[in-house]
Amino acid sequence: MAWTWAVVNQKGGVGKTTTAINLAAYLARSHRVLLVDTDPQGNATSGAGAERRGLVRDTCSVLTGDATIAETRVPCAVPGLDVLPATINLVGAELLISQRDDGEFQLRKAIADVADAYDFVLIDSPPSRGAITINALVAADEVIIPMQCEYFALEGIAHLLDLIGKVREGPNPDLEIGRVLLTMCDDRTNLAQLVANDVRSFFGDQVSPFVVPRNVKLPEASSFGKPISLYDPRSKGARAYESISRELIEHVQRKTARVPETRSGEGVGRTASRWWRRGS
Ligand code: ATP
Ligand code: MG
């Protein structure tokens with residue numbers, strides 16, 4: 001049974017996609033992982049090194065009930081990681097989903113069909129609070145909220161918490177905030193420390209003990225279609241996401257027996273190469 005995280009923040013450019021790609025890649029070292037791209041920009045798809053050209057199906061096909069995840073997922077640069085790819089077609093999906101009676105459950109139902117094939121599912125969501133983000137929240141066990149280390153980091157957070165509260169009162173009563181991640185933190189400034197203190201006093205233990213530093217290797221890696229684990233595993237950004245992924249696995253194992261110590265079974269075909277196992 002897969003454990004599902006939705007990476008959500010309606011604020012743009014806070015590190016949702018970078019977080020989703022890199023956590024998925026590190027989790028895939030030891031577990032079977034599906035990265036779901038629900039953003040029409042398709043940055044998670046291309047950043048993980050999945051091919052976007054020539055796709056016949058995409059996340060839009062799954063959200064509209066025209067295809068299953070098993071028919072739509074594609075491999076990427078990382079062994080053990082599948083990607084549900086997004087294309088610009090998703091722009092029209094909001095309307096199509098809202099016209100369906102059970103529209104908000106589409107992704108949840110689709111993930112349930114492949115839940116035995118994965119240990120973790122990570123959903124990258126668009127910078128909005130529309131029908132696609134609601135689908136991600138309804139499908140998730142927990143939310144991961146990346147927040148950029150800057151003034152106004154907490155701005156808009158009340159709206160996000162309000163949305164999470166509404167989803168909890170309605171279609172997904174078990175939804176919880178898993179981790180708040182501080183991203184793009186610049187150690188050299190006092191500002192980062194002040195923002196971190198603010199966020200910690202607001203969210204308490206829900207804030208990850210590891211912060212993601214501002215590190216140019218992360219955008220570089222995405223532009224080459226590689227997660228940081230393959231592009232520059234010794235960089236500060238890589239070490240941060242590796243630590244966060246380990247802590248997340250422990251966090252879920254503490255909560256549930258659902259997630260095994262390591263990859264369970266042989267998944268959907270692609271298993272880690274021997275080289276990769278040695279490296280992990
Ligand atoms: P959107 O809301 O548009 O989907 P997002 O929240 O998914 O944005 P990202 O695309 O992950 O945010 O990050 C925004 C930009 O910042 C990207 O160019 C990304 O490569 C860069 N970036 C993300 N994290 C870091 C970091 N830790 N250090 C440096 N640059 C980063
Ligand atoms: Mg994004």
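**View 1. F152, an exposed residue in a predicted model.** F152 has 10 other C-beta atoms within 10 Å and is therefore exposed, since a residue with 12 or fewer such neighbours is classed in this way. The residue lies in the loop between β6 (142–148) and α8 (157–169). Although F152 is not a glycine, its phi is positive, at about 70°.

**View 2. M184, a buried residue in a loop.** M184 is placed between β7 (176–183) and α9 (190–203). Its phi is near 55°, again a positive value in a residue other than glycine. M184 has 21 C-beta neighbours inside 10 Å and so counts as buried, the threshold being 20 or more.

**View 3. Helix α1, residues 16–27.** The helix comprises 12 residues, which at 1.5 Å a residue should span 16 Å. Because 12 of the 12 residues of α1 are buried, the helix is largely enclosed by the rest of the structure. Among these buried residues are K16, T17 and T18, as well as I21, N22, L23 and Y26.

**View 4. The shell around ligand 1.** Ligand 1 is surrounded by 19 residues, of which the closest are K16, T17, T18, P127 and P219. Helices α1 and α10 (217–223) each supply at least two residues of this shell. By class, the shell contains six nonpolar, 10 polar and three charged residues.

Key. Residues are numbered from 1 along each chain as its sequence is written. Chains are lettered from A and ligands numbered from 1 in the order in which they are written. This is a predicted model: local features need pLDDT of at least 70, side-chain atom pairs count only at pLDDT 80 or more; totals for chains, interfaces and linings use all residues. Helices (H or I, at least four residues) and strands (E, at least two) are DSSP runs, numbered from the N terminus. The expected span of a helix is 1.5 Å times one less than its number of residues. A residue is near a molecule or strand if its C-beta atom, placed from the backbone, lies within 6 Å of it. Ala, Val, Leu, Ile, Met, Phe, Trp, Tyr, Cys and Pro count as nonpolar, Asp, Glu, Lys and Arg as charged, and the others, Gly among them, as polar.
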